[in-house]
Amino acid sequence: MTIRVLIADDQEMVRAGFRMILETQDDIEVVADVPDGRAAVAKARELRPDVCLLDIRMPGIDGLEVTRMLAGPGVADPLKVVVVTTFDLDEYVHTALANGASGFLLKDAGPALLLEAVRAAVRGDALISPQITVRLLQHFAMPASKSPVSTDVALTEREQDVVRAVARGLTNTEIGNELFMSLSTVKTHLAAVQAKIDARNRVEVAAWAWKTGLMSS
């Protein structure tokens with residue numbers, strides 16, 4: 001399978017750099033690179049790439065709004081979006097993920113993490129730059145003075161184990177190794193959890209775990 005990628009960034013050198021990194025891989029093809037948000041939406045809807053790499057600050061429509069238009073709640077056939085930016089701001093991270101992004105990377109994350117994020121998005125996983133992950137999950141955690149968010153969702157013990165591992169930022173493979181499960185079993189548990197709590201991706205699962213107090217139980 002060839003992973004088809006669209007790149008949107010207002011800096012030509014950034015687009016060229018991303019293209020060069022991605023096209024070193026036999027299984028990745030860059031189908032378009034565009035300099036602004038409007039072109040990103042138009043090309044993404046025309047070409048239906050497997051993954052869209054979006055900068056945040058772009059002319060016309062910013063990357064957060066482009067993410068919502070391509071992957072957000074209510075989009076009938078959402079695309080996979082990975083936001084790649086120089087701006088390490090909690091508000092941007094939260095908005096990007098709420099708008100349906102499958103990953104959030106800083107531009108200095110390095111080639112290996114960029115490639116991993118593209119492949120993770122195709123698998124249905126979500127990858128966030130390591131320097132952001134812990135702070136992001138702590139942001140979702142409830143203050144110590146408050147009680148856990150009430151929930152009527154009943155998870156099995158194994159589903160809870162998987163959710164806690166997801167909330168710690170582990171990949172499906174890492175979860176399987178830690179919990180002595182096959183990869184398919186991990187995916188089955190995760191799919192069941194997402195259906196029960198109405199989560200679109202693993203980042204929403206992680207956020208739910210922290211909001212409900214599961215991580216402190």
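Student: In which helix is Thr-185 found?

Tutor: This is a predicted model, and in it Thr-185 lies in helix H9.

Student: Why does Thr-185 count as partly exposed?

Tutor: The relative accessibility of Thr-185 is 31%. Buried needs a value under 20% and exposed a value over 50%. The value of 31% falls in between, so Thr-185 is partly exposed.

Student: What makes H8 roughly perpendicular to H9?

Tutor: Helix H8 (residues 172-179) and helix H9 (residues 183-197) pack at an angle of about 105°, and their axes are 9 Å apart. Angles of 65 to 115 degrees count as roughly perpendicular, so H8 and H9 get that description.

Student: Which residues of H8 and H9 meet?

Tutor: From H8 they are Asn-172, Thr-173, Ile-175 and Gly-176, and from H9 they are Leu-183, Val-186, Lys-187 and Leu-190.

Student: What is said of the phi of Phe-180, and where is Phe-180 found?

Tutor: Phe-180 sits in the loop between H8 and H9. Its phi is positive, about 55°, although Phe-180 is not a glycine.

Student: Why does Phe-180 count as exposed?

Tutor: Exposed requires over 50% relative accessibility. Phe-180 has 78%, so it counts as exposed.

Student: How does Arg-48 count, buried or partly exposed?

Tutor: Arg-48 has 34% relative accessibility.

Student: Which residues of H2 meet which residues of H3?

Tutor: Gly-37, Ala-40, Val-41, Ala-44 and Arg-45 of H2 meet Val-66, Met-69 and Leu-70 of H3. Beyond its neighbours within four places in sequence, Val-66 contacts Gly-37, Ala-40, Val-41, Leu-54, Met-58 and Ile-61.

Student: Which residues have the most contacts inside the largest nonpolar core?

Tutor: They are Val-66, Leu-70 and Phe-104, in a core of 29 residues. At least two residues of this core come from each of several elements, including strand E1 (3-8), strand E2 (28-34), helix H2 (37-47), strand E4 (80-85) and helix H4 (90-98). A second, separate core has 22 residues, among them Val-51, Leu-53, Leu-115 and Val-118.

Student: Which residues is Ile-21 in contact with, leaving aside its neighbours within four places in sequence?

Tutor: Ile-21, in helix H1 (residues 12-22), contacts Pro-111, Leu-114 and Leu-115. The C-alpha atoms of Ile-21 and Pro-111 are separated by 6.4 Å, although the two residues are 90 residues apart along the chain.

Student: What percentage of contacts between residues at least 6 apart in sequence join residues at least 24 apart?

Tutor: In this chain the figure is 64%.

Student: Why does Asp-55 count as buried?

Tutor: Its relative accessibility is 4%. The cut-off for buried is under 20%, so Asp-55 qualifies. Asp-55 is in the loop between strand E3 (51-54) and helix H3 (63-71). Not counting residues up to four places away in sequence, Asp-55 touches Ala-8, Asp-9, Asp-10, Gly-63, Val-84, Thr-85 and Lys-107.

Student: What makes helix H10 mostly covered?

Tutor: In H10 (residues 202-211), 7 of its 10 residues are buried. They are Arg-202, Val-203, Val-205, Ala-206, Ala-207, Trp-208 and Ala-209. Just after H10, Gly-213 has a positive phi of about 85°.

Conventions:
Residues are numbered from 1 along each chain as its sequence is written. This is a predicted model: local features need pLDDT of at least 70, side-chain atom pairs count only at pLDDT 80 or more; totals for chains, interfaces and linings use all residues. Side-chain values use heavy atoms; hydrogens and water are left out. Contact means heavy atoms within 4.5 Å. Helices (H or I, at least four residues) and strands (E, at least two) are DSSP runs, numbered from the N terminus. Buried means under 20% relative accessible area, exposed over 50%, partly exposed in between (1.4 Å probe, protein chains only). A nonpolar core is a set of buried Ala, Val, Leu, Ile, Met, Phe, Trp, Tyr and Cys residues joined through side-chain atoms within 4.5 Å. Axes are lines fitted to C-alpha atoms, for helices over the stretch in contact, and angles run from 0 to 180 degrees between N-to-C directions. Angles under 35 degrees count as roughly parallel, over 145 as roughly antiparallel, 65 to 115 as roughly perpendicular and the rest as oblique.
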